[in-house]
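Visitor: I would like to go through this model with you. Could we have it on display?
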Amino acid sequence: MSNIQTLVPELRNALERKQLDVANDLLTKAKRALLLQNALIPTPSTPPQLVALARDVLELGALASIRQTDPQTFTRYYQQLQLFYDLERHSGLPGQNSSGPEFGKSQRSKITGLYLLLLLSMGDSANFHTVLEGLVEEASLKGENIEDDAYIKYPVELERNLMEGSYDKVWRETKSVNLPSEDFGLFSNVLIGTIRNEIAGCSEKAYPSLPISNAKNLLFLDSEGAVIEFAKQRGWILRDGRIYFPVEPEAAARSEKDILVASGTVIENALGYARELETIV
């Protein structure tokens with residue numbers, strides 16, 4: 001265990017200094033040491049301090065994967081950590097409120113919040129709500145509210161705004177300096193990309209064309225050149241300063257009123273924000 005006790009603070013320091021290559025090497029050594037002690041899959045008979053050290057290693061590995069924009073590896077760490085979190089809940093082993101010279105505090109809230117944000121960025125609403133329902137049930141048994149936890153509240157509010165079509169609020173939150181932690185900001189581009197594609201899809205259904213200048217703010221893009229590049233990727237037609245959307249056969253068969261009813265809320269909110277930006281400028 002002494003070898004792991006030395007590796008964990010070294011690993012934490014490497015991450016704080018953003019030395020990701022060093023962190024990866026230390027992670028490999030730490031996981032090998034844990035494997036030799038059969039600690040990567042905890043059991044009630046595993047010494048509590050070893051459980052806490054193993055949990056620390058996996059949590060630091062999850063954060064390292066996020067900082068290297070590797071969602072697949074982060075997801076594997078998250079899934080492996082559930083064994084430790086379940087053991088902590090049911091066995092009273094060192095958890096979020098524990099600290100000591102041998103181990104740090106559990107980062108369960110942060111890891112879970114990041115996972116929720118990842119699911120949101122991927123548009124995986126089903127798994128998002130599955131995880132969230134479990135958190136709500138657990139919190140209710142303790143007489144707590146999940147939104148009292150800043151790490152959980154952040155993705156929950158983003159999801160609520162997404163469901164309302166309030167993309168301007170989501171955009172502002174992802175650009176806010178008041179993120180729960182720096183790691184949450186790493187999802188900004190992915191989440192905004194998801195929103196951008198959603199708005200683009202609704203725009204195609206709601207309007208025959210839009211001025212490029214309006215599309216820049218509507219799609220949260222930095223320049224008209226970026227709009228043109230995005231339009232080419234989606235197969236839109238550019239002519240005379242406007243974007244013309246391809247007409248799908250089923251869309252052509254429907255009335256304009258039906259199309260606007262289907263996509264009106266999303267576009268109205270997004271266009272309202274675009275007009276607001278133009279007014280400010």
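Visitor: Which residue in β3 is the bridge partner of L238?
Guide: The partner of L238 is I243 in β3. The model is predicted, so local features need pLDDT of at least 70, side-chain atom pairs count only at pLDDT 80 or more, and totals for chains, interfaces and linings use all residues. Residues are numbered from 1 along each chain as its sequence is written, and side-chain values use heavy atoms, without hydrogens and water.

Visitor: In what sense do β2 and β3 pair?
Guide: β2 and β3 (residues 242-244) are antiparallel, with three bridges. Strands are DSSP runs of E, at least two residues, and helices are runs of H or I, at least four, numbered from the N terminus; pairing requires at least two DSSP bridges.

Visitor: What is the strand order in the sheet?
Guide: The open sheet of three strands runs β1-β3-β2, with antiparallel pairing. Its edge strands, β1 (209-211) and β2 (237-239), each pair on one side only.

Visitor: Turning to helices, at what angle do α7 and α8 cross?
Guide: The axes of α7 (residues 150-164) and α8 (residues 167-174) cross at roughly 155 degrees and come within 8 Å. Axes are lines fitted to C-alpha atoms, for helices over the stretch in contact, with angles from 0 to 180 degrees between N-to-C directions. The two helices are therefore roughly antiparallel, a term for angles over 145 degrees.

Visitor: Which residues of α7 meet α8?
Guide: Y154, L158, N161 and L162 of α7 meet Y167, K169, V170, E173 and T174 of α8, where contact means heavy atoms within 4.5 Å.

Methods
Angles under 35 degrees count as roughly parallel, over 145 as roughly antiparallel, 65 to 115 as roughly perpendicular and the rest as oblique.
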